[in-house]
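Subject: Structure handover

Hello,

Here is the structure for you to look through. My notes on what was found in it follow below.

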Amino acid sequence: MSTSTTASVSTHILDTSAGRPAGDVAVHLSARTGLEADWQALGGSATDADGRCKDLPALPEGTTHVRLDFDTETYFAKKQAAAQQDAPALRDSENGRPVFFPEVTITFAVVPGEHYHVPLLLNPFGYSVYRGS
């Protein structure tokens, strides 16, 4: 939850290739206090069955930039293993890999007192992200 001196972050993922939430995707949160500052790893979580990360760590006071790292390769590898009969997906995978982007990193600026909801629309060969509400 944001306060007057901190910002807060939430996220969710929709697998647009399946038209469903993407569950069990590892998400890691990092923050820094300026363009020249080092990134501080704050922790991580995984999306639930609804594709939401409800327990991301709080941002430290003074945070100006946030980074969300999504482990998309593991998600799509599990999904592909569960659907081995999907010949077109296997044929279209480059070098047998289930995903073109093995990870997605989203970096954005924040200001104290604001909440930032950052949805990720994901498929094996592309993604889109936006500031939600």
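Two residues are in contact when they have heavy atoms within 4.5 Å of each other. This is a predicted model, in which local features need pLDDT of at least 70 and side-chain atom pairs count only at pLDDT 80 or more, while totals for chains, interfaces and linings use all residues. Residues are numbered from 1 along each chain as its sequence is written, and side-chain values use heavy atoms, with hydrogens and water left out.

Start with Tyr127. Leaving aside neighbours within four places in sequence, Tyr127 is in contact with Phe101, Val104, Ile106, Leu120, Leu121 and Leu122. Tyr127 is found in strand β9 (residues 126-129); helices (H or I, at least four residues) and strands (E, at least two) are DSSP runs, numbered from the N terminus. With a relative accessible area of 37%, Tyr127 is partly exposed. On this scale, buried means under 20% relative accessible area, exposed means over 50%, and partly exposed lies in between (1.4 Å probe, protein chains only). The C-alpha atoms of Tyr127 and Asp15 are separated by 9.2 Å, although the two are 112 residues apart along the chain.

Next, the chain as a whole. The protein chain has two helices and nine strands, and from the N terminus on its elements run β-β-β-β-β-β-α-α-β-β-β. Of its 133 residues, 37% are buried. Among contacts with a separation of 6 or more, 66% are between residues 24 or more positions apart. The protein chain exposes about 7300 Å², and carbon and sulfur atoms supply 52% of that; the area comes from the Shrake-Rupley method with a 1.4 Å probe.

Then the salt bridges. Side chains of opposite charge can pair when their charged atoms come close. A salt bridge here is a side-chain nitrogen of Lys or Arg within 4 Å of a carboxyl oxygen of Asp or Glu. By this rule there are six salt bridges. One of them joins Asp15 and Lys79, with the closest N and O atoms 2.6 Å apart. This pair links distant parts of the chain, since Asp15 is in strand β1 (residues 8-15) and Lys79 is in helix α1 (residues 72-82), 64 residues apart.

Asp48 is partly exposed at 26%, and Lys54 is exposed at 68%. Arg67 forms a salt bridge with Asp69, the closest N and O atoms being 3.5 Å apart, and Arg67 is partly exposed at 22%.

Last, the second largest pocket. On a 1 Å grid over the protein atoms alone, a pocket is an open set of points where a 1.4 Å probe fits, with protein on both sides within 12 Å along at least five of seven lines, and lining residues have an atom within 4 Å of a point. About 190 Å³ of space lies in the second largest pocket. Its lining has 15 residues, of which Val9, Ser10, Lys54, Leu56 and His115 are the closest to its centre. Strand β1 gives the most to this lining, with four residues; β1, β5 (52-53) and β8 (115-123) each supply at least two.

Regards

How values were computed. Points joined across faces, edges and corners; volume = space filled by probe spheres on them.
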